[in-house]
Amino acid sequence: MKILIAENMEEFDNLGASIVADVINNKNDATIGFATGSTPIGMYQKLIDMYNDGKLSFKDITTFNLDEYVGLEKTHNQSYYYFMHDKLFDKVDIDENKVNFLSGTETDTFAECKRYSDLLANNTIDLQILGIGANGHIGFNEPNTDFNSVTREVMLTEKTISDNARFFESIDDVPKSALTMGINEIMASKKIVLLANGKNKADAVYNMINGEVSAECPASVLQLHNDVVVILDKESASRIK
């Protein structure tokens, strides 16, 4: 792992955006795995700025998103489809025909996960963007997930539901399950950049970097990957050695 600790959020966002931009500029038709949540929003804005300045084009890339809530329509303002279009895709020259999402409204979730897993098997992700949950999850791969897991439906833990309740009117509105890429598929990416900020992520970051490789902290599996960049703010980095 290469660990970068940003002095402030401006640097944090710039560090992440520069990695994404370098991958795309070095390979115009790169395949990028995107993540949602509050952490990468600033980075996505920096990428939009680069596009507006003529320094970056997304028109030839292929995208895969990590996960999606079960039961939310694409148009729901908390669906990850909505998030990615609102925060990035609608503001750059991305080709919608090359954008891949899991659908959270399919009746047969097993078939939907199989469809996505087959797509991933036939595409190599050049760069996977990740966040980390306070319990160490990556994607929605919660603690004690098998490292050989592939795309599937998962039940969300009480911790994850509680953490995500701030995005909904009520905790009762938070979906109880999601579809997620598996750890095996994440680890198949050529390069991974993981972003974490805030004091509430400090324990998870410590376990990811300094802890044993264990399914109790799914993100610890990244110790086994040969090209991972971890970008932290000072609070999330406060416990690491």
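This is a conversation about how terms are applied to one predicted model.

Modeller: Residues are numbered from 1 along each chain as its sequence is written. Because this is a predicted model, local features need pLDDT of at least 70 and side-chain atom pairs count only at pLDDT 80 or more, while totals for chains, interfaces and linings use all residues, and side-chain values use heavy atoms, with hydrogens and water left out.

Colleague: What makes the meeting of Glu112 and Arg115 a salt bridge?

Modeller: A salt bridge needs a side-chain nitrogen of Lys or Arg within 4 Å of a carboxyl oxygen of Asp or Glu. The distance from N to O for Glu112 and Arg115 is 2.7 Å, so the pair meets the rule. The two residues are 3 residues apart in helix 4, and are therefore separated by about one helical turn.

Colleague: Why does buried Lys201 have no salt bridge?

Modeller: The nearest side chain of opposite charge (Lys and Arg count as positive, Asp and Glu as negative, while His and the chain ends are not counted) is Asp163, 7.3 Å away. That distance is not within 4 Å, so no salt bridge is assigned. The side chain of Lys201 does have a polar atom 2.9 Å from the backbone oxygen of Ile132.

Colleague: What makes strand 2 and strand 3 a pair?

Modeller: Strands here are DSSP runs of E with at least two residues, helices are runs of H or I with at least four residues, and both are numbered from the N terminus. Two strands pair if DSSP finds at least two bridges between them. Strand 2 (residues 31-34) and strand 3 are joined by 4 bridges and run parallel, so they count as paired. One of these bridges links Thr31 to its partner Thr62.

Methods: Buried means under 20% relative accessible area, exposed over 50%, partly exposed in between (1.4 Å probe, protein chains only). A polar contact is a pair of N or O atoms within 3.5 Å; within protein, one must be able to donate a hydrogen and the other to accept it, and residues adjacent in sequence count only if both atoms are side-chain atoms.
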